[in-house]
Amino acid sequence: MKIAFFDAKEYDIPPFEKYGKERGIDFKFYETKLNEDTVGLAEGFDGVCVFVNDRVNAPVIDRLFGYGVRVIALRCAGYNNVDLKHCFGKIHVVRVPAYSPYAVAEHTMALLLTSVRRIHKAYIRTKDFNFSLNGLTGFDLHGKTVGVIGTGKIGRIFIGICKGFGMRILAYDKFPSAEGVEYVPLERLLAESDIISLHCPLTEETYHMIGREAVDKCKKGVILLNTSRGALIDAEALLEGIKRRKIGAACLDVYEEESDLFFRDFSGHIVEDDVLARLITMPNVIVTSHQAFLTEEALDNIAATTAENLVTFFRGEICENELCYRCGNIETCMKERREKCF
Ligand code: NAD
């Protein structure tokens, strides 16, 4: 089978070549993202493999369908960039629901520790033989309250890590299901948390869940952590909250308008996005460019699961990682309805 692989990075290629060879999949790697301008590159392929910032909207889906592309293999968990409703009845969509929740949860804690212990500042100082400690005072995480929004695979692991630090945990989830966690209404979580970490998916409902109103409800000096999806936070409200000292610090692995910026080198360019540029100038903002997933274990799992998804799909078997527009997950179709929605 021939698969057009979009937004390929040098770290993607070795594991996908390895599993492609093992499973009889011929990946053609394109550096460009999939969008309306580049979709023509998918002509002649059986499937496409895409990542978080490829734009799989209705016009792209129609063109893929016209080329005879039968499957969109997401090599990530989130699928907010794919118009699933428009795919329904045309093209199947498979994803990698979990590749290393530890990678993301550990990165979230790395950002938090960097921020509260000013490691980002200390690193630059000592590189310049400046051994002064002025301005580097942090605070203990022990005894602080962390509010975790979204207690799925990543949220639960992050909770476990925070418990190890002796922190008090408050959680909010639309579908609470974790054991031994104190679930509270969102308003209470916002009001009582010293640190808030987002681990829920981006949906119409969660879009800008941290906006002006939510920021107003937070404790003064709150630290916001977002390793989930950028648009969970209204970036302008975040900037305003930082400027008026309501938000004490922000650690962002994702950004609302990241798709044209992240994963590329803009160091010699003028960045047009004034909100991001201003956020990055702030001493209490740390930005990483959607890096939380990037561990050797996760890259290997992503490639292995994607190859397995493709092989299963093209064998005509039920792929448990297929997304279904109607019920969310093909497994649910099979268990509850004993039939495939698609
Ligand atoms: P998951 O599906 O296991 O958990 C998501 C949780 O969010 C579930 O418990 C669900 O009930 C909850 N939820 C759904 N709607 C909600 C709402 N409206 N309000 C509150 N909670 C709600 O997902 P996961 O594997 O833990 O991943 C979480 C998110 O992390 C993903 O959606 C993805 O966007 C992001 N992610 C980021 C990276 C990265 O590199 N930064 C990597 C992987 C995943």
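**Entry 1: the domains**

I started with the division of the protein: domain 1 covers 2-99 + 296-336, and domain 2 covers 101-287. I noted that the model is a predicted one. Next I looked up the spacing. The centres of domain 1 and domain 2, taken over C-alpha atoms, are 30 Å apart. I then listed who takes part in the contact: 13 residues from domain 1 and 9 residues from domain 2.

**Entry 2: the interface**

How much area do domain 1 and domain 2 bury between them? I read about 980 Å², with 52% of it on carbon and sulfur atoms. Lys33, Asn53 and Asn80 supply 41% of the area that domain 1 buries against domain 2.

I looked for salt bridges next. The rule finds 1 salt bridge across the interface of domain 1 and domain 2. I also looked up Arg55 and Asp260. Their side chains meet in a salt bridge, at 3.4 Å from N to O. The distance is inside the 4 Å cut-off for a salt bridge.

I then turned to polar contacts. Between domain 1 and domain 2 I have 5 residue pairs in polar contact, with both residues at pLDDT 80 or more. I sorted the side of domain 1 that touches domain 2 by residue type: 6 nonpolar, 3 polar and 4 charged.

**Entry 3: around the ligand**

Which residues come nearest to the ligand? I found 23 residues around the ligand, and Lys153, Ile154, Asp173, Thr227 and Asp253 come nearest. By type, the shell around the ligand divides into 9 nonpolar, 8 polar and 6 charged residues.

**Entry 4: backbone atoms at the ligand**

At Gly152, a backbone N or O atom lies 3.3 Å from an oxygen atom of the ligand. At Lys174, a polar backbone atom is 3.4 Å from a nitrogen atom of the ligand. At Phe293, a backbone N or O atom lies 3.1 Å from an oxygen atom of the ligand.

Last, I checked the cover. On its own the ligand has 870 Å² of accessible area, and the protein covers 87% of that.

Technical notes:
Residues are numbered from 1 along each chain as its sequence is written. This is a predicted model: local features need pLDDT of at least 70, side-chain atom pairs count only at pLDDT 80 or more; totals for chains, interfaces and linings use all residues. Side-chain values use heavy atoms; hydrogens and water are left out. Domain bounds come from an automatic or database domain assignment. Contact means heavy atoms within 4.5 Å. Buried area is the accessible area (1.4 Å probe) that two parts lose on being put together, summed over both. A polar contact is a pair of N or O atoms within 3.5 Å; within protein, one must be able to donate a hydrogen and the other to accept it, and residues adjacent in sequence count only if both atoms are side-chain atoms. Ala, Val, Leu, Ile, Met, Phe, Trp, Tyr, Cys and Pro count as nonpolar, Asp, Glu, Lys and Arg as charged, and the others, Gly among them, as polar. A residue is near a molecule or strand if one of its heavy atoms lies within 4 Å of it. Accessible areas come from the Shrake-Rupley method with a 1.4 Å probe; for residues, only the protein chains shown count as cover.
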